[in-house]
Amino acid sequence: MASSRELLLLLALLLAIMAWSWVGPFDRTTWWLEAIPVVVALPLLGWTRKTFPLTRLSYYLIFVHAVILVVGAHYTYARVPLGFWMQDWFEFSRNHYDRIGHLAQGFVPAILAREILWRSGAVTKRGWLFFLATCFCLAFSAFYELIEWWTAVIGGDGSVEFLGTQGDVWDAQWDMMFALTGAMVAQLLLGRWHNRQMRLVANR
């Protein structure tokens, strides 16, 4: 289980990165649209720290996901330097930083979903746990694509930076595919490790 000192360090690092991200972003509206999950999650995690503390693995994964989001918020996903470096290294046709974001959108929530489902007693069988955690991530990804669609309808051309499709007509489908892949890979790679940590938290 993560100690209070560890969590405070992660919080301090994240707040420092958020402060950097906030200063001079490419587009202020896009910053809010991309960073709002982090802004909402931080007080929620603080509020549940005593009543439902998460495993160390979950807290660290949330930190990594939050960094991915606020970096994307600063540059917009289509302009993050890492994506351009990847484009040069692998001769991609576009900046694929948003693919990293959507992979994380499945990878991290899959661990959180299986933790909440298992520790709450809602699901006890491992096969159903894998299936339902994967379903949750795919549903969440699909809902996020709906949010992007609604934003495009309401914002018109002003929503282009948030969508970050870069001319790809299949962008929404790719996003959901990466989230689905991330959800399955996370559980296959980290499932046993996560199980041990959940048992430690449950027995404390």
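## Terms and model

Buried means under 20% relative accessible area, exposed means over 50%, and partly exposed lies in between, with a 1.4 Å probe and protein chains only. By this scale Cys137, at 0% relative accessibility, counts as buried.

The model is predicted: local features need pLDDT of at least 70, side-chain atom pairs count only at pLDDT 80 or more, and totals for chains, interfaces and linings use all residues. Residues are numbered from 1 along each chain as its sequence is written, and side-chain values use heavy atoms, with hydrogens and water left out.

## Overall fold

The protein has 8 helices and 0 strands, where helices (H or I, at least four residues) and strands (E, at least two) are DSSP runs numbered from the N terminus. Along the sequence the pattern reads α-α-α-α-α-α-α-α. The radius of gyration is 17 Å, close to the 17 Å that the globule rule gives for 204 residues, so the protein is as compact as a globular protein of that length. This radius is taken over C-alpha atoms, and the rule is 2.2 Å times the number of residues to the power 0.38. Along the principal axes, the C-alpha atoms fill a box of roughly 50 × 35 × 35 Å.

Of the 204 residues, 43% are buried. The protein exposes about 11,300 Å², and carbon and sulfur atoms supply 71% of that area; accessible areas come from the Shrake-Rupley method with a 1.4 Å probe, and for residues only the protein chains shown count as cover. Among contacts (heavy atoms within 4.5 Å) with a separation of 6 or more, 75% join residues 24 or more positions apart.

## Nonpolar core

A nonpolar core is a set of buried Ala, Val, Leu, Ile, Met, Phe, Trp, Tyr and Cys residues joined through side-chain atoms within 4.5 Å. The largest one here has 32 residues, and those with the most contacts inside it are Leu14, Met18, Val38, Leu61, Tyr97, Ile111 and Leu190. Two or more residues each come from helix 1 (4-22), helix 2 (28-48), helix 3 (56-75), helix 5 (97-119) and helix 8 (171-202). Helix 3 gives the most to this core, with 11 residues.

Leaving aside neighbours within four places in sequence, Leu14 is in contact with Val38, Leu42, Phe63, Ala66 and Val67.

Helix 5 has 23 residues and reaches 33 Å from its first C-alpha to its last, close to the 33 Å expected at 1.5 Å a residue; the expected span is 1.5 Å times one less than the number of residues. Gly121, whose phi is positive, near 85°, follows helix 5. Within helix 5 lies Val108, which is buried at a relative accessible area of 6%. Not counting residues up to four places away in sequence, Val108 touches Leu61, Ile62 and His65.

His194 belongs to helix 8 and is buried, with a relative accessible area of 0%. With the residues up to four places away in sequence not counted, His194 touches Thr55, Leu57, Ser58, Ile111, Arg114 and Glu115. The C-alpha atoms of Val108 and Asn195, 87 residues apart along the chain, are separated by 15 Å.

## Cysteines

A search of the whole structure finds 0 disulfides, a disulfide being a pair of cysteine sulfur atoms within 2.5 Å. The sulfur of Cys135 is 9.4 Å from the closest cysteine sulfur, in Cys137, too far for a bond. Cys135 counts as partly exposed, at 32% relative accessibility, whereas Cys137 is buried.
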